[in-house]
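Reader: Can you walk me through the aromatic rings in this one? I'd like to know what sits next to what.

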Amino acid sequence: MNTENTKAQMRKGILEFCILSLINDREMYVSDLIEELKNGKLDVVEGTLYPLLTRLKNGEFLSYRWEESTGGPPRKYYQMTEKGGLFLTELQNTWKELTESVDQITKNNNPANDAQSTFQPNS
């Protein structure tokens, strides 16, 4: 099994949650989102981000407004809708439950937490 592929799949699974969390704080332009995600060590390209933003907008979780730019084409700024805020709250609760469960399971079953333990695969 490819570790990099597994890590990429895990990141994709939480990307929507991260985007909504960022936009919840303030309206954002795509390059702002990419910058914030990179600062959080989630490298995302526009080709990944635009379809996700479109899905969130079509689901009425986000809306956008156009703003003229002095140095190029108009910019699309995304903001959270009321429905998006409610969805984000659900995701936050789910994330909390999930991380607590994963922490409990991995803490209890992680050989690295026990210096005397050695890995023994199941037969």
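**Aromatic rings**

Author: Y64, W66 and Y78 are linked into a cluster by ring pairs. A pair here means Phe, Tyr or Trp rings (six-membered ring for Trp) with centres within 6.5 Å; planes under 30 degrees apart are stacked, over 60 edge-to-face, the rest tilted. This is a predicted model, where local features need pLDDT of at least 70 and side-chain atom pairs 80 or more, while totals for chains, interfaces and linings use all residues. Residues are numbered from 1 along each chain as its sequence is written, and side-chain values use heavy atoms, without hydrogens or water.

Reader: How many aromatic pairs are there by this rule?

Author: Five aromatic pairs. One of them is F61 with F87: the centres are 4.5 Å apart and the planes at 25 degrees, so the pair is stacked.

Reader: Is F61 buried or exposed?

Author: F61 is buried, at 17% relative accessible area. The cut-offs are under 20% for buried, over 50% for exposed and partly exposed in between, using a 1.4 Å probe and protein chains only.

Reader: And how are the planes of Y64 and W66 arranged?

Author: Edge-to-face, with 85 degrees between the planes and 6.1 Å centre to centre. Y64 is partly exposed at 31%, and W66 is exposed at 53%.

Reader: Switching to charges: which ring does the charged end of K76 sit over?

Author: The ring of Y64, 4.2 Å from its centre. "Over" means Lys NZ or Arg CZ within 6 Å of the ring centre and within 35 degrees of the ring normal. K83 has its charged end over the ring of F61, 5.3 Å from the centre.
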